[in-house]
Protein chains: 2
Amino acid sequence: MSESIDVVSSQQLGGLLQMTPAQIRKDLSYFGRFGKQGRGYDVRFLLHELQEILGLDREWRACLVGVGRLGRAIINYPGFYRENFRIVAAFDGDRAQVGSTIGEFNVQSMDELSDTVIDKKISIGIVAVPAQQAQNVIDVLIENNIKGILNYAPVAAKVPMNIVVRNIDPVLSLQSMTFYLRELE
Amino acid sequence: MSESIDVVSSQQLGGLLQMTPAQIRKDLSYFGRFGKQGRGYDVRFLLHELQEILGLDREWRACLVGVGRLGRAIINYPGFYRENFRIVAAFDGDRAQVGSTIGEFNVQSMDELSDTVIDKKISIGIVAVPAQQAQNVIDVLIENNIKGILNYAPVAAKVPMNIVVRNIDPVLSLQSMTFYLRELE
């Protein structure tokens, strides 16, 4: 959203987000503090409030499990830091990797996960291990009070209801397109 | 799904997919050829039919645009090939990259995209360019009759209704978790 306007209407927001203005108003009113009938939304105020509601006004700490090619790419990806997500520890189940250095990290053994999660106030686990190890790693993270899982392994993880999982699997994404692509041919 | 059973009930499928048996039966009946009252589904037949319906019984060809660190990781990722998605060409807008070799690919200039898409029967474009170039690259792909976009750039692409886009953006995935994580704290 451009920083150069002070007020935005539900019409304008709807256009940007490809939603109806009515839906925009309804969604925002769910949180109940934005409406200024006939005037629109103060951009700076709206942005601030939304960031707070969404929990994006603070830093979130994550640990990475799996330091293979994918894990190393994740550690080196600058996008997380820019948006206040900070990887603060890296683990691997492979003893050959433990103790090696990647960027600023010493790769730790899974035995150290419990203490590290508490010490470093980690709330998100990033899973970058092979498919057949993923469920086990996710179970260990959940046992250690991790509530959010960013899962790069190509498996549908089984987790309790109160755990939030997001899957990053490009093959699954491609497979979810082909039904529509076939119809378009 | 285990290959060692011949018949599966909607009850069993529902358990595996965390859905109700009624929803399983309803969803499958939409395609109208599976029901065997009281007996369940023949696994081999169901798998074959679903693969055909979903367009997963054939090869799909993709081109990659952007051969930076991310693009190179994508080219080297074995998961696509295993599931019948084949990257058959790589492009980059940066003249310094054009002509270089990555694996089996000669990196091509964007000028060659039109002809290559036709010659190699490409239907999917994988976008691995920086955010500020992504919309332009996506527009070029669509102009050249690409109907499916796998977008790794952290932007919400604007595309016509008949284009299928899937976004692979880990930061967006993390940002969509924090609202729930905050509530759990």
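At 33% relative accessibility, A:Arg86 counts as partly exposed (buried means under 20% relative accessible area, exposed over 50%, partly exposed in between, with a 1.4 Å probe and protein chains only). This is a predicted model, where local features need pLDDT of at least 70 and side-chain atom pairs count only at pLDDT 80 or more, while totals for chains, interfaces and linings use all residues. Residues are numbered from 1 along each chain as its sequence is written, chains are lettered from A and ligands numbered from 1 in the order in which they are written, and side-chain values use heavy atoms, with hydrogens and water left out.

**Salt bridges in chain A**

- A search of the whole structure turns up 4 salt bridges over all chains (a salt bridge is a side-chain nitrogen of Lys or Arg within 4 Å of a carboxyl oxygen of Asp or Glu).
- One of them joins A:Arg86 to A:Glu59, with the closest N and O atoms 3.1 Å apart.
- A:Arg86 sits in strand β4 (residues 85–91) and A:Glu59 in the loop between α3 (43–53) and β3 (60–65) of chain A, so this pair ties together parts that are 27 residues apart in sequence. Helices (H or I, at least four residues) and strands (E, at least two) are DSSP runs, numbered from the N terminus.
- A:Glu59 is partly exposed too, at a relative accessible area of 33%.
- A:Arg61 joins in as well: A:Glu59, A:Arg61 and A:Arg86 are linked in a network of salt bridges.

**Salt bridges in chain B**

- B:Glu59 meets B:Arg86 in a salt bridge at 3.1 Å, N to O.
- That pair links distant parts of the chain, 27 residues apart: B:Glu59 is in the loop between α3 (43–53) and β3 (60–65) of chain B, and B:Arg86 is in strand β4 (residues 85–91).
- B:Arg61 also forms a salt bridge with B:Glu59, again listed at 3.1 Å, N to O.
- How accessible are these side chains? B:Glu59 is partly exposed at 31% relative accessibility, B:Arg61 is partly exposed at 25%, and B:Arg86 is partly exposed at 33%.

**A negative patch on chain A**

- A:Asp111, A:Glu112, A:Asp115 and A:Asp119 gather in a patch of negative charge on the surface. Patches are made of residues with over 30% relative accessible area and no salt bridge, with like charges joined within 9 Å and nonpolar side chains (Val, Leu, Ile, Met, Phe, Trp, Tyr) within 5 Å.
- A:Asp111 is in the loop between β6 (105–108) and α6 (113–119) of chain A, and it is exposed, with a relative accessible area of 63%.

**Two residue pairs**

- A:Gly68, in the loop between β3 and α4 (69–76) of chain A, is partly exposed at 31%.
- B:Tyr41 is in strand β2 (residues 41–42) of chain B and counts as buried at 8% relative accessibility.
- B:Tyr41 and B:Ile102 are 61 residues apart in sequence and 45 Å apart in space, C-alpha to C-alpha.

**Chain A overall**

- Chain A has 9 helices and 9 strands.
- Its radius of gyration is 21 Å, well over the 16 Å that the globule rule gives for 185 residues, so chain A is more spread out than a compact globule. The radius is taken over C-alpha atoms, and the globule rule is 2.2 Å times the number of residues to the power 0.38.
- Along the principal axes, the C-alpha atoms of chain A fill a box of roughly 65 × 50 × 30 Å.
- Of the 185 residues of chain A, 41% count as buried.

Terms used: Areas by Shrake-Rupley, 256 points an atom, 1.4 Å probe, with all protein chains shown as cover. Lys, Arg positive; Asp, Glu negative; His and termini not counted. Charge placed at Lys NZ, Arg CZ, Asp CG, Glu CD.
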